[in-house]
Amino acid sequence: MGTAERIAGLMLVVGGLVGGATPAWAQSAGLLAAYSFNEGAGTTVGDASGNGLGGTLQGGAAWTTGGKYGGALSFNGSSSFVDLGNPALFQRTGSITLEA
């Protein structure tokens, strides 16, 4: 694959929170966001978790059919990414698990 990376999916899972008062949205651990990256076209990725945390492709990130199980996103290894913004659900004080 050279310096380019392909990602076929990503999940963000809350593992627990530490310190300070726990915000109302953080009362339980669980799936925070899930991205299958199988849209295949367009400039956005959808969030399958039901939390509405979609993102936009930036810096040349492109759809490819060369994923391990079909469609995926291709990144150039230096400047491409998916911008998920900074929603309140991502503003954590504890641990999270990223799985790709």
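Which residues does Trp63 touch, not counting residues up to four places away in sequence? Trp63 touches Phe37, Asn38, Glu39, Gly40, Ala41, Gly42, Thr44, Val45, Leu57, Ala72 and Leu73, where contact means heavy atoms within 4.5 Å.

## Basis of the model

This is a predicted model, in which local features need pLDDT of at least 70 and side-chain atom pairs count only at pLDDT 80 or more, while totals for chains, interfaces and linings use all residues. Residues are numbered from 1 along each chain as its sequence is written, and side-chain values use heavy atoms, with hydrogens and water left out.

## Overall composition

The protein chain has nine strands and zero helices, and its pattern along the sequence is β-β-β-β-β-β-β-β-β. Helices (H or I, at least four residues) and strands (E, at least two) are DSSP runs, numbered from the N terminus.

Of the 100 residues in the protein chain, 24% are buried; buried means under 20% relative accessible area, with a 1.4 Å probe and protein chains only. The accessible surface is about 5900 Å², and carbon and sulfur atoms hold 54% of it; the areas come from the Shrake-Rupley method with a 1.4 Å probe. Among contacts with a separation of 6 or more, 51% join residues 24 or more positions apart.

## Nonpolar core

The largest nonpolar core has eleven residues: Ala33, Tyr35, Phe37, Val45, Leu53, Leu57, Ala61, Trp63, Leu73, Phe75 and Val82. Strand S3 (30-35) and strand S7 (70-75) each supply at least two residues of this core. Such a core is a set of buried Ala, Val, Leu, Ile, Met, Phe, Trp, Tyr and Cys residues joined through side-chain atoms within 4.5 Å.

A search of the whole structure finds one aromatic pair. Tyr35 and Phe37 form this pair, which is stacked, with 6.1 Å centre to centre and 15° between the planes. Rings of Phe, Tyr and Trp (its six-membered ring) pair if their centres lie within 6.5 Å, and planes under 30 degrees apart count as stacked. Tyr35 counts as buried because its relative accessibility is 3%, and Phe37 counts as buried because its relative accessibility is 5%.

## Strand pairing

Strand S6 (residues 62-67) pairs with S7 in the antiparallel sense over four bridges; two strands pair if DSSP finds at least two bridges between them. S6 and S7 form a hairpin with two residues between them, and Thr64 has Ala72 in S7 as its bridge partner.

An open sheet of three strands runs in the order S4-S5-S8, with antiparallel pairing. Its edge strands, S4 (44-45) and S8 (81-83), each pair on one side only. S4 pairs with strand S5 (residues 55-58) over two bridges, and Thr44 stands opposite Thr56 in S5.

Key: Buried means under 20% relative accessible area, exposed over 50%, partly exposed in between (1.4 Å probe, protein chains only). Rings of Phe, Tyr and Trp (its six-membered ring) pair if their centres lie within 6.5 Å; planes under 30 degrees apart count as stacked, over 60 as edge-to-face and the rest as tilted.
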